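Here is a friendly walk through one protein model, from its sheet and helices to its cores and charged pairs. Please keep the viewer open as you read.

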Amino acid sequence: MKETREKNIDIIVPCYNEGANVDAFFRETQSVVSEVTGYSFSYIFIDDGSDDDTLDRIRALAEREGLRYISFSRNFGKEAAMYAGLRASRGDFAVVMDADLQHPPQLLPEMIKTIEETGCDSCAARRVSRKGEPKIRSFLARSFYKIMNRYSDIEIVDGAVDFRMMSRRMVKAIVSMPETQRFSKGIFAWVGFHTEWIEFENVKRLAGESRWSLWSLMKYAVDGFIDFAASPLKFAGVFGSVTAAGAAIYLLIEVLKTLIMGKDTPGYASTICLILFFGGVITTILSIMGEYIGRMYMETKNRPIYIEKESNIDED
């Protein structure tokens, strides 16, 4: 009788100033996966340029438990950390999880079961509540998903988080996209593959505070929208055309009024308002175009997504 090969799952853990959470995350996650049969688990911790004792704690875990890690030369962001972990992954499946335990390890067996039963390439988690979040933050998040799904070529499930298990072929597809300015939620959707969703209630951080301020979240949302939607450029073109047509009609009306009723005294206030209006329209359109051109410029530099300072992972 042919023996079934044990499948390997890499757990990728991006960390930025998570020194207070690293050990607790490993203990709780290990207690869950140790009960799973038919699978072996390995860890890849990514230190995203932390300025606390995160790297020291990861090193200690690596010496004691034999896990793998990569440390960046500076803070390159969570997107770069996830890419580095996926790139270093060699398992049959890869899981991305936050070190603050807001991604419950208890969902891992359910993810494995879902993939086994459905044959999907990805099992992802989505929050069904935003309990504990400021109302303005929840409102902006829901608005982002609605706008993104309406005006881009991809669809992102409302409440989707980065916590997901992916097959080797899906991981390869994601790693094959080496763009510098990354928006993983959009990339996960863009590469396709069958995804099943698991719902969970929002969980508070184990320790410390989130590094995501309202401003950084808004910037992240704008970056993601621009990366996967060309509609702002189309809108700028349509708006410019409509405005130009309106100005032409207004000019024709004024010419006819002058020919029929004689020359009218020009209004200073209306002239200033028109100048400011059209000046604002032109500046806005140029700003939108500048965002896209700027991103093209940054991508053509072909800079690395991250710079590795140290690691215990041997390059193939």
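## Ground rules

Contact here means heavy atoms within 4.5 Å. Helices (H or I, at least four residues) and strands (E, at least two) are DSSP runs, numbered from the N terminus. This is a predicted model, in which local features need pLDDT of at least 70, side-chain atom pairs count only at pLDDT 80 or more, and totals for chains, interfaces and linings use all residues. Residues are numbered from 1 along each chain as its sequence is written, while side-chain values use heavy atoms, with hydrogens and water left out.

## Two helices side by side

With those terms in hand, look at α1 and α2. V22, D23 and F26 in α1 meet a set of α2 residues made up of T54, R57, I58, L61, R64 and E65. The axes of the two helices come within 9 Å and cross at roughly 35 degrees. Axes are lines fitted to C-alpha atoms, for helices over the stretch in contact, and angles run from 0 to 180 degrees between N-to-C directions.

Eight strands form an open sheet in the order β7-β5-β6-β4-β1-β2-β3-β8, with mixed pairing. Its edge strands are β7 (195-200) and β8 (308-311), each of which pairs on one side only. Two strands pair if DSSP finds at least two bridges between them. On average, neighbouring strands are turned by 20 degrees against each other, direction ignored.

## Nonpolar cores

A nonpolar core is a set of buried Ala, Val, Leu, Ile, Met, Phe, Trp, Tyr and Cys residues joined through side-chain atoms within 4.5 Å. Buried means under 20% relative accessible area, exposed over 50%, and partly exposed in between (1.4 Å probe, protein chains only). The largest core has 37 residues, and I11, F45, L108, F163 and M165 have the most contacts inside it. Leaving out residues up to four places away in sequence, F45 touches V13, C15, V22, F25, I58, L67, R68, Y69 and I70. Another core, of 27 residues, lies apart from it and includes Y83, A94, M177 and I305.

Which residues do salt bridges with shared partners join into one network? First, the rule: a salt bridge is a side-chain nitrogen of Lys or Arg within 4 Å of a carboxyl oxygen of Asp or Glu. By this rule the count comes to 12.

D23 forms a salt bridge with R57, with the closest N and O atoms 2.8 Å apart. This pair links distant parts of the chain, 34 residues apart. D23 counts as buried at 18% relative accessibility, whereas R57 is partly exposed at 32%. R57 also meets D53 in a salt bridge (2.8 Å, N to O). R64 and E65 form another, with closest N and O atoms 3.7 Å apart. The network joins D23, D53, R57, R64 and E65.
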